[in-house]
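This report goes through a single protein chain for a reader who works with coordinates.

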Amino acid sequence: MHYGEIKKCDIANGEGVRVSLFVSGCSHHCPGCFNQDTWEFHYGREYTDETEEELLKALAPSYINGLSLLGGEPFEPQNQEVLVGLLRKVHARYPKKNVWCYTGYLFDRELMEESRARCAYTDEMLSMIDVLVDGRFVESLKDIRLAFRGSSNQRVIDVDKSLKTGHVVLWEPKVKRGIEG
C-alpha cells in the first residue's frame, strides 16, 4: 500500500484533533474530488513498518482524539489488509481513541453486501471503525456548511450502532455545528 500524506494535527476530518492517513488508490474518480492525486495506487510513499510506528507515536498525546483514514479510498481491497493491521495496533495501544473513515462506498449496499469492495478484511475493518462517512462526493451536492462531509448525499454513520441494529444509524455529534441535511 502507498499513502499520499499523514497529518498529525488535523481538525477537519473527524471530531476533535486527529491523526489522518491519506491512503493511495481510488477507483471512484469522483468529479471535483479534493484529492485527485491519490487516485493512483502507487502515488506518494510506500507504507512501511516505520510509517506505522510514526502513526502510532503521533496518536500518543492525550489531546489527540483518534485516527482518521481517508484517501484515495481506504476500502479498496488492495488497502484493507494493511489498514486492518494498523487498526489492530491502534486499538491495542490506544483503546480509548476513536477511528473515523471516509469512503466512497455505501455502508449498507457495498460494504455490508457483495460488491467489488468486499474482501476477507472488510468485516474486521468495519468492526474497528467508530464513525464512517460514506458515499461518493457529488459536486452538484457540495455544501461547505456540512460538518465532516463534502456533499449532502454523504452520511456520517455510527458504525457500532449500525452493526448492532442491522440498519444505518447516523452519528450524533457531541456539539451541533454546521447544518443538518
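Predicted model: local features only at pLDDT ≥ 70, side-chain atom pairs only at ≥ 80, totals over all residues.

## The segment after H5

In which segment does Leu170 lie? Leu170 belongs to the segment after helix H5 (159-165). Helices (H or I, at least four residues) and strands (E, at least two) are DSSP runs, numbered from the N terminus. Leaving aside neighbours within four places in sequence, Leu170 is in contact with Arg155, Val156, Ile157 and Asp158, where contact means heavy atoms within 4.5 Å.

Residues are numbered from 1 along each chain as its sequence is written, and side-chain values use heavy atoms, with hydrogens and water left out.

## The sheet

Seven strands form an open sheet with mixed pairing, in the order S3-S1-S2-S4-S5-S6-S7. S3 and strand S7 (155-158) stand at the edges with a single partner strand each, so one side of each has no neighbour in the sheet. Two strands count as paired if DSSP finds at least two bridges between them.

Strand S1 (residues 2-10) pairs with strand S3 (residues 45-46) in the antiparallel sense over two bridges, and Tyr3 has Arg45 of S3 as its bridge partner. S1 also pairs with strand S2 (residues 17-23), again in the antiparallel sense, over five bridges; here Asp10 has Arg18 as its partner in S2. Strand S5 (residues 98-102) and strand S6 (residues 131-134) pair in the parallel sense over three bridges, with Trp100 opposite Val131 in S6.

## Helices on the sheet

H1 lies across S1, S2, S3 and S4 and runs at about 15 degrees to S1. H2 packs on the sheet and touches S2, S4 and S5, its direction making about 175 degrees with that of S4. Axes are lines fitted to C-alpha atoms, for helices over the stretch in contact, and angles run from 0 to 180 degrees between N-to-C directions.

The axes of helix H1 (residues 49-58) and helix H2 (residues 77-93) come within 11 Å and cross at roughly 35 degrees. Glu52, Glu53, Leu55 and Leu56 of H1 make the contact with Gly85, Leu86, Lys89, Val90 and Arg93 of H2.

## Backbone details

The hairpin of S1 and S2 has six residues between the strands, and Gly14 in this hairpin takes a positive phi near 135 degrees. His29, in the loop between S2 and S3, has phi near 50 degrees, a positive value in a residue other than glycine. The peptide bond from Gly71 to Gly72 is cis, with omega near 15 degrees; Gly72 is found in the loop between strand S4 (64-70) and H2.

## The largest pocket

The largest pocket holds about 690 Å³ of space. Of the 30 residues that line this pocket, the closest to its centre are Phe34, Tyr102, Phe137, Gly150 and Gln154. On a 1 Å grid over the protein atoms alone, a pocket is an open set of points where a 1.4 Å probe fits, with protein on both sides within 12 Å along at least five of seven lines; lining residues have an atom within 4 Å of a point. Grid points are joined across faces, edges and corners, and the volume is the space filled by probe spheres set on the points.
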